Each structure stands twice: as C-alpha cells, then as structure tokens.
Amino acid sequence: MLRGVDLRVTRPRAAVLAAVHDHPHADTDTILAAVRADVGQVSHQAVYDVLRALTAAGLVRRIQPMGLVARYEARVGDNHHHLVCRACGAIADVDCAVGTAACLTADDEQGYAVEEAEVIFWGLCPDCGAAARDDTSRATREQKDPARQEEGPT
C-alpha cells in the first residue's frame, strides 16, 4: 500500500498503517501504544508525522468529531459517515446517508464542486442507551415509591 502511493516503506510507517487497520477510529495514543508494541521505541512525533503522511496520501482518514480528539481509520474513499456516542465517545461507521433529508444536499454550492459530505450522527451507543434507560427506570420507580430509594452515605 505504501509503495502504491509512492511512500518509502519504513518500519514505523508499516506499523502505523497496521495499527490503524487493527484499531478503527483509534486516537494517536492508542496507535502509539500499538506501534511501540510492534516495533519498540518510537516517538510520539514520529507517529504524528506518519499519520499526517498517510492521511495526505489517502491511505488513512482523519476524523475529529466536535469535542473529541482526532481519530484515524483505514476505511477511505467511500464517503461513509459516523455514529458517535455522546456518553462514552464510541464511534461506529455508517454507510452513506440516503433519503430526502434536506441537509444532505447543499442548497447553494456557491460555485464549489462538492466532492463529499461529512455527516456525524450523535446519540447513545447500545450500552450507554441501555444504562440510561435503566437509570431512568430506577428514577421513575423511586419517584413513585420514595421508600425504595437507596440510602446514601452518612
């Protein structure tokens, strides 16, 4: 893959590319830990530089949902979107949005040749959604029967 985009093959580049493939939506700290486990000591700056080169070459996609650190993925070139959990920050891929939602087609492209749209859907992942429903259910039961409330520390 590296040679295919005219990048010299080095151990750090190969290790970073493998880490991104093995850990979709990983942040730089996760990628750094995976690279160090593979090749030994490598600097944070070296990983940043490799990620920047891989992104520029189109081998890696950088995403940065609002309020979160940058994440990297190897799924490139298909204009897919992302689901982000507001509670835990988990990110999942979702294929290109379909339907008649008004925000998916630019009303006025102002002369731009639109090539892709970046859409991020925000909500709760299944685990956080279940926990929120459990919390809501518990609070509702406690409101109906105050005697059931757990006692706090004294």
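View 1. Two strands pair here if DSSP finds at least two bridges between them. Helices (H or I, at least four residues) and strands (E, at least two) are DSSP runs, numbered from the N terminus.

A word on the model itself: it is predicted, so local features need pLDDT of at least 70 and side-chain atom pairs count only at pLDDT 80 or more, while totals for chains, interfaces and linings use all residues. Residues are numbered from 1 along each chain as its sequence is written, and side-chain values use heavy atoms, with hydrogens and water left out.

**View 2. Strand E3 pairs with E5 in the parallel sense and with E4 in the antiparallel sense.** E3 covers residues 81-85, and its pairing with E5 runs over four bridges. The pairing of E3 with E4 also has four bridges. Look for histidine 82: it stands opposite isoleucine 120 in E5 and opposite aspartate 93 in E4. Valine 84 stands opposite tryptophan 122 in E5. E3 and E4 form a hairpin with five residues between them, and glycine 89 in the turn has a positive phi of about 85°. How many of the five residues of E3 are buried? Four are, so the strand is largely enclosed by the rest of the structure. Buried means under 20% relative accessible area, exposed means over 50%, and partly exposed lies in between (1.4 Å probe, protein chains only).

**View 3. Helix H2 has 12 residues, 28-39.** From its first C-alpha to its last, H2 reaches 16 Å, close to the 16 Å expected at 1.5 Å a residue; the expected span is 1.5 Å times one less than the number of residues. Thr28, Ile31, Leu32 and Val35 are buried in H2. Seen down the axis of H2, these buried residues fall within an arc of 100°, so they line one face of the helix. The arc is that of the directions from the helix axis to the C-beta atoms. Here is a handy rule: an α-helix has 3.6 residues a turn, so residues three or four places apart point the same way. The buried residues of H2 pack against helix H1 (11-22), helix H3 (44-56) and strand E2 (71-73). After H2 comes glycine 40, with a positive phi near 95°.

**View 4. Isoleucine 31 sits in helix H2.** Is this residue buried or exposed? Isoleucine 31 is buried, because its relative accessible area is 0%. Leaving aside residues up to four places away in sequence, isoleucine 31 touches Val16, Ala19, Val20, Ala26, Val47, Leu51 and Tyr72. Contact means heavy atoms within 4.5 Å. Alanine 19 is 12 residues from isoleucine 31 in sequence and 5.7 Å away in space, C-alpha to C-alpha.

**View 5. The largest nonpolar core has 20 residues, and Val16, Ile31 and Leu54 touch the most other members.** H1, H2 and H3 each supply at least two residues of this core. The largest share, five residues, comes from H1. A nonpolar core is a set of buried Ala, Val, Leu, Ile, Met, Phe, Trp, Tyr and Cys residues joined through side-chain atoms within 4.5 Å. Valine 16 touches Ile31, Val35, Val47, Val50, Leu51 and Leu54, not counting residues up to four places away in sequence.

**View 6. Glutamine 64 lies in the loop between strand E1 (61-63) and E2.** Glutamine 64 counts as partly exposed because its relative accessibility is 40%. This glutamine touches Val69 and Ala70, not counting residues up to four places away in sequence. Glutamine 64 and isoleucine 120 are 56 residues apart in sequence and 9.9 Å apart in space, C-alpha to C-alpha.

**View 7. The chain has four helices and five strands.** From the N terminus on, its elements run α-α-α-β-β-β-β-β-α. Of its 154 residues, 27% count as buried. Among contacts between residues at least 6 apart in sequence, 45% join residues at least 24 apart.
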